Each structure stands twice: as C-alpha cells, then as structure tokens.
Amino acid sequence: MNPITSSPPVFRNALRRMPDAANAPPTPNEIAQKLIHRDYLSWSSISTFLRCPKRFKSQYIDGIEPDFVSSNLVFGSAIHSAVESVYRALFAGKVSPDVDDLLKVFDSVWKEETRPIRYGKNESTESLRDLARRMLDAFLASPDHLPDAELIGVEEELRGAIIDGVPDILGRVDLIVRTDRAIRLIDFKTSKASWSAAKIEESAPQMLLYTKLAAPIARSFDLPVEVAWVVLTKHKQPRIETHCLAPNPDRVGHTCAMVREVWRAMQQRYGYAIPSAMNCSTCPFQETCSAWGEIT
Ligand code: SF4
C-alpha cells in the first residue's frame, strides 16, 4: 500500500503547511540587521533619517566614519554623564556628588573623545568647561534635580516590538521615577535657550515612543506613564527648567504610524539630500556629501 495515498488528506495538507524556516520571510529585526547593521531602530536613527536621508545613509547604511564630532554633542554627553552620576549615587543610597565630582565626570567624557572636535564660534575647551561648571552648579542648586518621587531606574534601556512590521525600538531613558500619580520618564537636555512650546512639540515623538516601551513597567505599578524634560540652559546664568507632557493615545498612535512610514522609506534605501543651513552646518558627512556632487 502506498503510505502517502493512505494518509488522511488532512494530515497531508497539514504537512504542506508546515513552516519552512529556510523560506520564511525575514523578520523586521533581520532586515534591520542587514540594512543598518543592528537589529533594532533607535530614535537617533529615525530622527537622522527625518532630517536628511543622505546623512542617514552615510551613517547607518554605509557606515562611513564621521569627519568630526561637534563640540555641542560632546558637551551634551559630558553634562549628561555628570547628571547621571548624581542619580546613580542616589540610587545606590549614597549622598549626591558635589560640583567638583560632577566636573571630574565631565572631564573624563571629554578626554575619552578620540574624534576631532569641531568647536563653534568663540568656543574653546576652557570656555565650555567654565559653562559646564555654571550649569552643573545651577543643576545642583535647583529643587528640580531631586524629584519628589521614588527612583525606579537610571539610564534604563527599554526595548520592544511595539509597532507591527517594524524592528524593535530601543530606547534609553535617563531617569524613571514613580510619583504618587504616574510613572514619569525623564529626559535631561542641554539647550542654548529656554524651551518653547514648539520645541516641546518637536521633542515629543521620541518620548511618546518610550511611553509604549515603558508600558509594562507602568502596568506593574498600575499607574499611567507621563514624560518630562529637565532642560539645563546655556545662558550666562544657566536655568533649570522642567516641562511635562501627559501623552494622549492619539499622539502615540500618530508617532507609531510615522515611524512605520520612516521604516518603509529606510528599506527603499532613499539617499536624497536635504541641504539646509541648519542640517549641513553640523553634519559630519559634508565632504562625502559634496564628493557625490549633490551639493553645489
Ligand atoms: S551635508 Fe547636508 S545634505 Fe549633505 S548629508 Fe549632511 S545634512 Fe545632508
């Protein structure tokens, strides 16, 4: 007797439907790995694409080494690390470091930078260090630096498949605290000027995505998620400003839809340039870009 013809039809159909791992379509994470050499999307990659797809292509697809790093970027990460050290100490039950301790952290980040640093007009390492001291002094003096809340996480890495058909989103939240009414995600920023309502709008999508990533944490406390930015301004007399946002589900949905479209466009390997004074003045791929003959 032929064993195949004797098998019940339903069994043969089931066999035909067995997934064939070798022929299964690649997952979004696998596509991302091939395209941008990492199996996730970060907000930084998304915002780079939105600003200029050519810059995104140079940095993430072609993996070109940047010609320089802006002093602004190094300054921001050095301040960020100094601020982070305050919460790491508090989280470990220690006393908050003083401004000299914070400056040591600032200096170590600055010294670790191996890429050529491009300074802005009238800037030098010394003038930026002086600014850093004033900003960190103002930060430690501000009541906003000690939130009246329980510390839940410092530099917390959150990752999840939060948008259908899109690779995992990976985000790092500077500080997570529990207030009496919400789980609050806090992002620390440095800024030349005080933030306007428009600046808050511009910065909202990143944190709205993070509210989705943080949803399991919020659920475990049975609390909603809210976001806040603590802005350290670079004024002569720096100010510390806190801006809060209670996310609404429509805006979160809109942000996810936008990221889905960006992911579609990334996969098309679009590399068109969006030259503008704002984009190009700080772009570390100017030479590559000019060499392609796209900018006249
Ligand atoms: S120089 Fe300007 S147009 Fe060229 S990649 Fe950089 S940001 Fe885009």
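**Exercise 1. Determine how helix α6 packs against helix α7 in this predicted model.**

Solution. Two packed helices are described by the angle between their axes and the distance between the axes. For α6 (residues 71-91) and α7 (residues 99-112), the angle is about 140° and the axes lie 8 Å apart. Angles over 145 degrees would count as roughly antiparallel and those from 65 to 115 as roughly perpendicular; α6 is therefore oblique to α7. The crossing of the two helices is right-handed.

The next step is to identify the residues that meet. From α6 come V74, S77, A78, I79, S81, A82 and S85, and from α7 come L102, V105, F106, V109 and W110. Sorted by class, this contact has 9 nonpolar residues, 3 polar residues and no charged ones.

**Exercise 2. Describe the packing of α6 with α8 in the terms used for the previous pair.**

Solution. The angle between α6 and α8 is about 35°, and their axes are 11 Å apart. This crossing, too, is right-handed. On the α6 side, S71, F75, A78, I79, A82 and V83 take part; on the α8 side, the partners are L128, A132, M135, L136 and F139. The contact of α6 with α8 comprises 10 nonpolar residues and 1 polar residue, with no charged residue.

**Exercise 3. Decide whether I79 is buried or exposed, and find which residues it touches.**

Solution. First, locate the residue: I79 lies in helix α6. Second, count its neighbours. A residue is buried if 20 or more other C-beta atoms lie within 10 Å of its own; I79 has 25 such neighbours, so it counts as buried. Third, list its contacts. Leaving aside residues up to four places away in sequence, I79 touches F106, A132, M135, T190 and L232. Of these partners, F106 belongs to the α7 side of the contact with α6, while A132 and M135 belong to the α8 side. Finally, consider separation along the chain: I79 and M135 are 56 residues apart in sequence, yet their C-alpha atoms are 8.6 Å apart in space.

**Exercise 4. Characterise the shell of residues around the ligand.**

Solution. The shell holds 13 residues, and those that come nearest to the ligand are C52, A273, C280, C283 and C289. The helices α5 (53-61), α12 (277-281) and α13 (286-291) each contribute at least two residues to the shell. Classified by type, the shell has 9 nonpolar, 2 polar and 2 charged residues.

**Exercise 5. Examine the positive phi angles of H37 and E155.**

Solution. Most residues other than glycine have a negative phi. H37 is not a glycine, yet its phi is positive, at about 65°. H37 is found in the loop between α3 and β1 (40-42). With 10 C-beta neighbours inside 10 Å, H37 counts as exposed.

E155 is likewise not a glycine and has a positive phi of about 50°. E155 is found in strand β4. Its count is 15 other C-beta atoms within 10 Å, so E155 is partly exposed.

**Exercise 6. State where S142 lies and how far it is from S276.**

Solution. S142 is in the loop between α8 (125-141) and β4 (150-160). Because it has 16 C-beta neighbours inside 10 Å, S142 counts as partly exposed. From S142 to S276 there are 134 residues in sequence and 37 Å in space, C-alpha to C-alpha.

**Exercise 7. Summarise the chain as a whole.**

Solution. The secondary structure comprises 13 helices and 8 strands. Along its principal axes, the C-alpha trace spans about 90 × 55 × 35 Å. Of the 296 residues, 26% count as buried. Among contacts between residues at least 6 apart in sequence, 72% join residues at least 24 apart.

Technical notes: Residues numbered from 1 in each chain as written. Predicted model: local features only at pLDDT ≥ 70, side-chain atom pairs only at ≥ 80, totals over all residues. Near = placed C-beta within 6 Å. Helix = DSSP H or I, 4+ residues; strand = E, 2+ residues; numbered from the N terminus. Nonpolar A, V, L, I, M, F, W, Y, C, P; charged D, E, K, R; others polar. Axes fitted to C-alpha atoms, helices over the stretch in contact; angles between N-to-C directions. Parallel < 35°, antiparallel > 145°, perpendicular 65-115°, else oblique. Left-handed = near helix turned anticlockwise from the far one by under 90°. Contact = placed C-beta atoms within 7 Å. Buried ≥ 20, exposed ≤ 12 C-beta atoms within 10 Å, placed from the backbone.
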